[in-house]
Structures are given as C-alpha cells and as structure tokens.
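Colleague: Please show me the model, and let us discuss one part of its chain.

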Amino acid sequence: MTAAAAGAAKTVAQLLAAKDIVIACGPGGVGKTTTAAALAATAVVEQGGRVLVLTVDPARRLADALGLKGIGNDEVRITDDVFEKVGAHPRGELWAAMLDTKQSWDDLIRTHAPDDETRQQILANPLYQNISGRFVQSHDYIAMERLYEIHSEGKYDLIVVDTPPTRNALDFLDAPQRMADFFSSRLLRWLIVPYRSRLVNFASKPFYQIADRILGTQFLADISEFFILFQSMYAGFVERAEAVTRLLSDRRTTFMVVSTLEATPVREAEFFSAELMARKLHLGAVVLNKVLPEYLRDAHADKLAQSMIGRTTELAAGLSDDPVVAARVLGEVAESFLNFGVVARREAEQQAELKGAPDVLVTVPFFDADIYDMGGLLQLGAQVWD
Amino acid sequence: MSKSGHRHRTVASGSAPPEDVHGGGAGTGAVSAAPDLLDLRLLFVTGKGGVGKTTVAAGLSQLAAEHGKRVLVCEVDAKGDVTSLFEAPPTEFTPREIAPGVWSMSMDTEASLREYLKLQLRIPVVGRIGPLAKAFDFVATAAPGVREILTVGKLCWEVRESHYDLVVVDAPASGHIIGQLAAPQAINDLVKVGLIRSQTDWMLDILSDERQTGLVAVCTPEEMPVSETLELATRVREETTVRMSAVVINRVLPELFGQREEEIFEQLRAPDVERVLSERAGGTVTPVLEAARLAVTMRRTRSAHMQRLQAGLPEGMPVLLLPYLFARSFGARTTRQVAHAFGDELGL
C-alpha cells in the first residue's frame, strides 16, 4: 500500500477532495450527524461540485441541523440563500436525504421483481410489510443499498453518509453480506420445498411439526410465500449485495470516525477503528468533538485556582461595589476551574490512549453555543477543514 | 398532587424540590400519577446515544437495592458498561450478583431462545448447540422481530417468575427501542394462533400494565437530545403499549451565579481589575475567569433546552435532574452518587 500511503491526506480538505464517499461513524451523541452535515456544507463552499449528505439514522436529526423543515427519502437541495443568509457563497450544490426504510424497500422490490404480479404479492405480504417497516436489521441493509443506488446514478461528486451509532454501524457493514448469505442458504430452500413441489406432505416432517406448533399454519404459509416470492429476486439481490460490499472497500470510499473524549465514546470509537482496519476498510479521519479548551489543564492556573480558594476576601477587597459577593464569586470561579480541570485532564488522558492510524486526526473545541443553522455548520466545518 | 408544579418548576435552580411522583393511587384513570418508579417491576431506560443511559440504569438499580429490593439489571447491547459501573467483571446471560442486591446479565438472544424452548415449549432440541444456532440464525433472519421478541420475552419472563423485585433494562438507543417494545404487538398481528400467540399475549399484558412496566427516557440538556426525547415521548405513546414513567436530564451543570453575582463577575473581568487580581493572586487569573465564563455560557444554553423539554412533555410527566459529575473516572463511587441524587429527586 505504498502508493496509498504516499497519497495519504494531511487534512480533511484533502481527504474529501480525493474521495467520492465519506462514511461518518462512531458512537451516539458525539455530533456525528452535525459533523457530517458541516463537512458536506463546507465542501460545497470550499470545493464546489454536487455534494449530498445522506443520513441513515432512524432518529431524524439532520433536518434540524440543516435548518430544513423536513427531509425524506428523496434528495432535496439546500438552496443557495441558506448559505447567503450567513454570508457564505456556495460554489456547488448541497443536497440532503434521509433514509426512509419502507420507501426504499418498496423501490427495491419494484426494481428487482420479475413481473407485476410478483411485485404486488410481495408488497401485500404481511411479513414483507413488517420487515420493511419496523425492524432494525432491514434498516441496515437498505441503508447500504440506497448508498449504492445513489452512487451508481453518478449525480454527486461527494456523498457524506451519517450512520447509526457504532454497534449498529457495524451491522450495516455486514448487512449486504448477511443478506446475500441468507438468500443463498440451504435452510431457506429446505423450508420452501413443500410449498413449491407439493410432493412432500407438509405435516410429515418433524421440523414443520415443531414450526407449526410454535408459529401456527397461517404464519408458516406467510413465511413460505414470502420466501418463494423473494426467491425470484434472488440473483438480483445477491449481485447487489456483493456490489455494495465492493463499494464500501473501494479506494474512493473512506471512513471517518467521530467521537468525543468521554470514556465510553472513546472506547467505542477505538473498537470501531480497529474493526475498520481488520476489514481493510480505509480509515480516513478521526474527528474528536466538543474537546474542552487546553487552558483548563494549565498547571500554573490549577495551582493558582487552588490558592485562591482560601483567600477570596483578601483578593476581592476593593475591586467591586460589593466585596462580600465578589469574594463569593471568586470562590465559585476557582472551584469551577478545578472541577472542569478534572474533566479536561481526563479527556487528555483519553486522547493519549487513543490508538489507530487515521490519515487525519482533528480535534474540535467545545462551542459556546449550539449549532442550529448553516452559520454554525460552516463554523464547525472550518474547524475540521484544515 | 399539583400537576402545574411540574410545569412551572424552575429548571434553572440547582436544588430542585423532590419530584412529586407519589399520590393518586393506581387505577384512578389515565391522568393519575405514575406509580413510584421503584415500585415498578420492569423499567426500560432509553435515550439518544451517549446521554448516559447506562449511568442512569446503574444508579436506579443501586438506589432500588439500597431500598431493599432485589434488582436485575440487564444490558441489551452487551458492552459490559453496567458491570464496570459497579467495578465488577462483565456478566453473561446467566445473572450474577455484582453488588449487594444487584444482579446483572447481558442479553443474548440465542441463549434466550434456548431457555425459551426448554422452559416453555419443552422442545427436545436443547443440547445440540450447532444445529440450534444455525436454525436460530435462520429463524431470526426469516421471521421479523424474533430477536426483539426474545429480548423482550426474556425480560417479561423474569418479571412473571418474580425472581427479582425489579428488572432494569439498559435498553437500546431511542431510535431502536420502539421496534423492540412494539415487537410483541407486531407478532401478535401476524400470528393469529399457536403457542407464539399465547406467548405474546401475556407479554403484552405485562408491558401494557402501567403498574408493572415503565420507561425512563434519559437526555442531556442539549438541543438534539431534547428534540429526540420529545419525539420519543410521542412515539412511545402512539406506537407502543408501554407507559413513559419519567424523563431524566443528565449532566445538569451547577449554577455558578445568581444575577447579582454575575454583575460582580463582570466587574472583576474588566481588564484593569483583572490585572490587579492577577498581581494579588501571584499569577494570571485569565484562564480561571475564562473557564467560569465558559461554565456560565454552557449552563445558560443548557437551561434553555431544559425549559423547551419541560414545555414539550405531556402534563405531569416527572422530570428528574442528575448533576454533572466532575469525576476523574466512573465506577462504584459515582454510581452511588447517581443513586443518591435520584433518591433526593424522588424524595426517598
């Protein structure tokens, strides 16, 4: 991998310029969604082109951060005036989409079903309706499927993907392969045999007796129908799943692990980095968010704050129009400094222990205010950018 | 009880009065007060990732145990964090006592299936692990919600068998909890007869009984966690049969100053005053004052979110505040701190 190492990005800007797909992953609550949106917006301002930010998180947060009323399965363009309102000038176009699992499944069935009748039967099958609508695992698969779909259309120069928190993100890396394995499993064929051939008496096999006892005949019939119908799409599915897996390990795809320096998130981020490397996926960047300012760890300031606590009255004398309150304020101030110092040092230790070898490591300071609009996103983006 | 008391409670004050979750006995109608949190039998703790679900689950378990209850705390995502908060080694599917009165287990759906087959159906496939694991993988992928139902089923089963007084669940993040809690109903809609059907029936009885089952939503006073908690409250009400019992706001920063203090603080920050202060202190006080300004700003931004949360929650929903812990590491000591903070909030 000498060539890749030689071309390793030194900044997030270089990384984004070199890649088609950036997949932001990491633990929950670390600002992953916001970071993904910030990078996409900044890329539009700094590098131009058509950039899409795609969130696959079942919790709907991206719209909030982009100042949109809502976003759905179809990509929507963030208009230029959203940028211009905060004094920024987009050189390209920013688009956003949020995964709608049900909608994406339906689209997938429409694409792969061999004929109209099969399509209608699948869409009406109660089992299908449950898989597509409610359950988490199908979400993971469809997320990668949708990424593949959008990427294949070739409409975007850069796609920034925001994923569900760590453990689930791992699931979605495995989802295409699991789906392919599933559809090629012998067990599946075994189950649908009696319905297909009608040669074997359904009730004669012990497996079906047990299954029937547990599940009831109607449900078993629903399952069988569902899989017989799905069987017709088997080849298409497996091929797609393999293509999706290839896309994730493509050299134009990179992963960005986002975390804070709190103990649990760091541990999860590290776990995720290790997993990426074990799978030979490209770890492009690690972004550490909400890092407390360095001055909180300053040894002189720490000593000073400790010494202030015992002599607040003396220090405060004559400096304000209320020396009693001033002394109390100084006590609070010193105490608070020491408290935050404990947290800041804990964070620094976490960072020192952070292993893994991303091309780029960025720390983003704690922001005073919330990021709730394009201005905030671009401000965050600027911190991460070079 | 005063319902309006909850709504108008000033979240800006650090030492809030204990939550009024007592009174209004069970069965007095939909608007009655929730039963006391620790008197429930099954408690799901959920929230957006990273807000401290595990900390809250551990703290509530500790508190219940200190009040003489036998508590099972169950980790659904199996990260081993719950046990580390009691400074005990990780547990597996079989519960182990990790602190006086607190047992811990990690959910394992395959082990749950094995137990289920053995105890409920008396199906003779137990023992042959290999084929069972394969069959399980197959069934779990084929029949939607199998993993979810095995998780919820095991929890409900523990409640029914009364091995413990309280089962606390360190549940999946809010994005995924709905699917899990809705699984028994979903299966019920699909499966009309058979053993599974009779199984989901009793699970639903437990889940939808507000004297037995409750959900605690954890958030931090930040924008996205608050938005997600409000969304969760709606979804729990509309899509599940479980009742939301309380909202916990974690990492509430202390209020450094009142208004008068803040005025004086600003006077002290004036450049020439700050210079004198530095001379007297024997070193530059700038970082110390700057840190306080940061703390005040953080507290202020967060208060606004806390108010938005309270305004958006259903009338009478108890809100419990947990202070930010300025701790070097998290373990048994901080878990006790959290438990005692809950004790204060619940008026115990």
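Modeller: This is a predicted model, in which local features need pLDDT of at least 70 and side-chain atom pairs count only at pLDDT 80 or more, whereas totals for chains, interfaces and linings use all residues. Residues are numbered from 1 along each chain as its sequence is written, and chains are lettered from A.

Colleague: Why is strand β6 of chain A largely enclosed by the rest of the structure?

Modeller: A strand is a DSSP run of E of at least two residues, and strands are numbered from the N terminus. A residue is buried if 20 or more other C-beta atoms, placed from the backbone, lie within 10 Å of its own. Strand β6(A) covers residues 253–259 and is largely enclosed because the number of its residues that are buried is 7 of the 7.

Colleague: Which residues are buried on each side of β6(A)?

Modeller: In a regular strand, side chains alternate between the two faces of the sheet. Both faces of β6(A) are covered: one side has A:Thr253, A:Phe255, A:Val257 and A:Ser259, and the other has A:Thr254, A:Met256 and A:Val258.

Colleague: Which residue stands opposite A:Thr253?

Modeller: Two strands pair if DSSP finds at least two bridges between them. Strand β1 (residues 21–25) of chain A pairs with β6(A) in the parallel sense over 5 bridges. The residue opposite A:Thr253 is A:Ile21.

Colleague: Which residue of β7(A) stands opposite A:Ser259?

Modeller: Strand β7 (residues 283–291) of chain A runs parallel to β6(A), and 5 bridges join them. Opposite A:Ser259 stands A:Leu288.

Note on methods
A residue is buried if 20 or more other C-beta atoms lie within 10 Å of its own, exposed if 12 or fewer, and partly exposed in between; C-beta atoms are placed from the backbone. Helices (H or I, at least four residues) and strands (E, at least two) are DSSP runs, numbered from the N terminus.
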